[in-house]
Amino acid sequence: MTKLKIENLSVDIKNKNQKHKALDDINIEIESEKITALVGESGCGKSLLSLSIMGLLPEAASIAAGSIVFDNINLLQLREKEMDSIRGNKISMIFQEPMTALNPLMKVGEQIEEALLTHKKTPRKEVKEQVLDIMNRVGLSRVKQLYNDFPHQLSGGMKQRIVIAMALINKPELIIADEPTTALDVTIQYQILEMLRKLNQEMGSTLLLISHDLGVVNELCSNIAVMYAGKIVEEGSSESILKTPKHPYTQGLIKSVPRFSQKNQKLYSIPGMLAPLNKRTSQGCAFAKRCPDTLKECYIKSPDLREIDGRKVSCLRVGGDNE
Amino acid sequence: MKYALKKIVTIASTLLVISLLTFGVFQILPGNPVDIILGVDADPLQVKALTQQLGLDLPLGQRYISWITGILKGDMGNSIRYQVPVEQLLKQSLPVTISLTLMSMLITLIVVVPVSIFLAKHNNKKVGVLISFIMQIGIAIPSFWVGILLVMFFSVTLHWLPSGDYSPLSQGFLNYIRSLLLPSLSIAIGSSAVVIRYLKTTILDNMNMDYVRTARSKGVARNKVLYKHVLRNALLPTITILGMLIVNALGGSIIVENVFNLPGTGHLVITGVANRDFPLVQSVVFYLAATVVFINLITDLLYAIIDPRIRLT
Amino acid sequence: MLKKYLGNKNFVIGASLVMFLLLLLIYSFINLPYDPNKMDTSNTFLRPSPSHIMGTDNFGRDIFSRILKGSQSAFLVGIAAVGISMIIGVFLGAVSGYFQGWLDKIISVIMDAEMAFPGVILALIFITVFKNGIFNIAMALAIMTIPRFFRITRSGFMQIKEMDYIAAAKARGASDFRLMFLHILPNITSSLIVTASLGFSTAVLSEAGLSYLGLGIQPPDASWGKMLFEAQSYLLIQPWYAVIPGTMITLMVLGFNLLGDGIRDVTNH
């Protein structure tokens, strides 16, 4: 069952009076109760996509076209007040940078309270109970004391757990986690992700996990969508994609993951770099410059997202004409 | 705790330096106070008597000590001009200056928050730019000229408010406020402009911070985020400016009191300077400087108490 | 480069105002319509007319000429105050920021103590002791402005001192003096210019206040502040007399404020 369906979403970013396409005709379907990964390198637009879903695009960005349908409602057509009632309630988000995500002048307990009280009128005593409960469930200890602490008194890992607690307290149907562990120690990373998985199972929510770490994706996610330069290049079940990637970019990504068996060999990395927004061409495939296997047409024609073998790929070499 | 101690030491040394400077400066003065009081052709016996009375025959160090201890005890000698104890003059004039300072601070505080929020919201729009420019004029305009203009408009033309003279609290609350309104406004206009400029910037800075995004992602409405989260964070550093403002208001009152003929401490100092009334000026200046130092101390401590990041480390 | 400055609203408006005032200043040296101090008791309180653009005051003196003369005092006092305080403040700040240690601590404490005084009071003490007169006022205002230059120089020196290219120059055997004034100082020039501009406007404002109180510039020198004081007594008879000098002071302060802000905007990116 589809929880979230994004269709033909395009988002522009305005920079010094010039508009650039940051998200280009995005089409994704996110399955209910599953963990879907959104993978791609920095700058590909994954954070922008999550902000679009939440309706929290920065001032410079604007929706150019498309729809985001959640439970039969097009989020892009909602008024601000209606969107406010969905945020933190039906859909919530966990951000990448825990160090700056919390208000330095408010007790952390109160900040979690806020998430609850914004959506549900709850009597005083119950509020505190619920907050303490969720704090326990995200793996925090001595929560009664922690409740009255301020953000600067907590470690990065603890802060991130507070953010997660805020995101989960209203038992949202969809959780977007934007690289929730990138800024944390590796040891904490594992704990947090495990906790996310467990909670996801317990609450039956849908999780969209944004990451650039394929190892994590492999562990947790049932579906993957791969993004490059504002476009979806490959989408499908993680098992099939990770085992048999069809898009050259996906292939490159998987090849880049360092393996123990590769000892003493030079690490592979995809040659070149993702071009910044203002230097991207709209002609031809965006990945063409870095692709090891280009055809002449790749520089002229932009590939569509096509369905083959139960997954979607956007490559001129795949799905028909040139295979 | 350590912070408070450190502060007290700094304050003490600052006050010491100020007292030394104030005292020292007046010793460089050309001319003998005795000559000024009695005239150059005075009877030598009288000169000797007065010199002894004023303690001017004692060595420098002793004079300083006696002056300092005098101040701490509240005995600051007599004003040459008025021939009454300086503390008496101070006592009479302080209520006026304090009233004026407080009232202008009050006006400033009331005006500042709404205007800053408005400017932050409309930062890049024409309205915002226009009002920001008006703020610049507010900063540049001399407070005494504002006073004159206000008098021209409200007193001379409209006859709504008095053009001067102080009406003490004992003679009725309404008249008290009326006599202070225009003077306070004169000071408040400049102070408000400075704070608004600062507060608008801190609000804008905070609006772009991550914690605002987090709050919005919880579903908190835009306005609520502004008032509940942003404002708190923006007002905190403004406390430091507040101290500076009170100091400015004190300085401003010195001139404004003259515009409106209010018998405050500033007026006292000015007449003292004009009459070269050294004992008066010396002690009052030290008093004012010490007040400034204490105000700064209080704002620093206040800041330290309110900001949990400092309080709890 | 110039484009950046011209694109900044603050700079453009500020620079225009300053240039306007400078033009007035130049004009005041070339062609004063009347002797600003010449009294003409038969022609008091004249309204503005072709022969007296701004009318005459209570003594029959031409207001426009007095305004022009006043610009001379304003600029003179401002430049003197800023000039003197810059030299002293930058020197002290450089020494403090570069060498630090106990010297820095002592000077800093004195500067902090000085900053605690409202500027007016500082100037008042000075004038009490040394009497008024254009030079003394400039000195008083200079003393008031020194801490600004001190602070900005000190922090600039403390920052730049740590940078790599200074270490490199030191390794090449450059002396302290050379490092301080040939290498570090040029890098804080833009902040010094900003401070100078803002200090100038503060000095002008303070001088106007002092002259208003009668403690500033004495006749025969003209001062806008003094004119304001005189105007106050005649509000009923000649309201515009109060408006003109106030406007001039405001324009000068505004101009240098915006100029300083504009330069700060452009050089801080």
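Colleague: What makes A:Glu114 and B:Lys228 a salt bridge?

Modeller: The closest N and O atoms of A:Glu114 and B:Lys228 are 3.4 Å apart, and a salt bridge is a side-chain nitrogen of Lys or Arg within 4 Å of a carboxyl oxygen of Asp or Glu, so the pair qualifies. Bear in mind that this is a predicted model, where local features need pLDDT of at least 70, side-chain atom pairs count only at pLDDT 80 or more, and totals for chains, interfaces and linings use all residues. Residues are numbered from 1 along each chain, chains are lettered from A in the order in which they are written, and side-chain values use heavy atoms, without hydrogens and water.

Colleague: How many salt bridges are there between chain A and chain B?

Modeller: Five.

Colleague: What area is buried between chain A and chain B?

Modeller: About 2,200 Å², with 57% from carbon and sulfur atoms; buried area is the accessible area (1.4 Å probe) that two parts lose on being put together, summed over both. A:Phe95, A:Leu105 and A:Glu114 supply 27% of what chain A buries against chain B, more than any other three residues.

Colleague: Over in chain C, why is helix 9 called roughly antiparallel to helix 11?

Modeller: The axes of helix 9 (residues 189-212) and helix 11 (residues 239-267) of chain C come within 8 Å and cross at roughly 165°. Angles over 145 degrees, on a scale from 0 to 180 between N-to-C directions, count as roughly antiparallel, so helix 9 of chain C is roughly antiparallel to helix 11 of chain C.

Notes: Helix = DSSP H or I, 4+ residues; strand = E, 2+ residues; numbered from the N terminus. Parallel < 35°, antiparallel > 145°, perpendicular 65-115°, else oblique.
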